[in-house]
Every structure is written in structure tokens, then in C-alpha cells.
Amino acid sequence: MIKFAYMINRVGGMTLEEFVDYHRNHHAPLFASIPEARRYVKKYTVSHPVPADGYPSPGYDGLTEIWFETWADHDAFFGSKNYKELLNPDESKFIDLDSVVVMVTEEKVVI
């Protein structure tokens, strides 16, 4: 399993509440609506910081995880017409694309 963790920040002029609402209630359903998501994506999550006393302030406004079984699935998803014409243009409406940090991982279960 290949996992992608995208650390994201909101575009300028957008409040955190607006960002979270857009991410959860517009972009995530749009993502889930395309056939390629159901075909190639094994897991898709959106997460946002919550208050946590004793921990540092979050460095990002959100985290998106996308899991694929293979690199071929990754390539098919991101190369699809629906991704290129629907999802990719929507990302710039709420994500500061210049600040995105991506980590590509493979999970090793310890416990």
C-alpha cells in the first residue's frame, strides 16, 4: 500500500472555519463522486487540527491522506480526465498550493 500525506494550508483571505467547511463539505464529496476514486483509491481522509492543551500550535490547517494499492493506480487516478478537469482546479480554490508538503509512505504496523 502506498500512502500519501498532504499537509495543507488555506488560501489567503479564507478563515479556518471556511477552509474546513469547504474541504469537508465541498472538495471531499467532489473527490468521492468521481469514478476513479472508487476504482483506484483505497482510502481517502481529510483531517483538521483540534485544540490540544500542552501541544504546539499546528503548523498546517489540514491533512489529506490518499492510499493506493499500486503506483499504477496512483498514475491512473491523477492522470484521469476527471481529476484534471474537476478536482485539480478545485484545489486552488481553498489550498495554498505553494505551501503543500507531501510525504509518500508505506505503512509498517508495529502494534
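Modeller: The buried residues of helix H4 are Tyr83, Leu87, Asp90 and Glu91. Their directions from the helix axis to the C-beta atoms span an arc of 110°, so these residues line one face of H4. Buried means under 20% relative accessible area, exposed over 50% and partly exposed in between (1.4 Å probe, protein chains only). Helices (H or I, at least four residues) and strands (E, at least two) are DSSP runs numbered from the N terminus. The model is predicted, so local features need pLDDT of at least 70 and side-chain atom pairs pLDDT 80 or more, while totals for chains, interfaces and linings use all residues. Residues are numbered from 1 along each chain as its sequence is written, and side-chain values use heavy atoms, without hydrogens and water.

On the face of H4 turned away from the buried side sit the exposed residues Lys81, Lys84 and Glu85. The buried residues of H4 pack against H1 and H3.

Leu87 of H4 is also among the residues with the most contacts inside the largest nonpolar core, together with Phe31, Ile66, Phe68, Phe77 and Phe78. That core has 23 residues; such a core is a set of buried Ala, Val, Leu, Ile, Met, Phe, Trp, Tyr and Cys residues joined through side-chain atoms within 4.5 Å. At least two core residues come from each of strand S1 (2-8), helix H1 (16-33), helix H2 (35-40), strand S3 (62-68), H3 and H4 (81-91). H1 gives the most, with five.

Phe68, beyond its neighbours within four places in sequence, is in contact (heavy atoms within 4.5 Å) with residues including Ile2, Phe4, Tyr40, Phe77 and Phe78.

H3 covers residues 71-78 and includes Trp71. Trp71 is partly exposed, at a relative accessible area of 46%.

In one, the closest N and O atoms of Glu107 and Lys3 are 2.1 Å apart. Glu107 lies in the segment after strand S4 (101-105) and Lys3 in S1, so this pair ties together parts 104 residues apart in sequence. Glu107 is exposed at 53% relative accessibility, whereas Lys3 is buried at 7%. The other bridge joins Arg10 and Asp61, with closest N and O atoms 2.8 Å apart.

Notes. A salt bridge is a side-chain nitrogen of Lys or Arg within 4 Å of a carboxyl oxygen of Asp or Glu.
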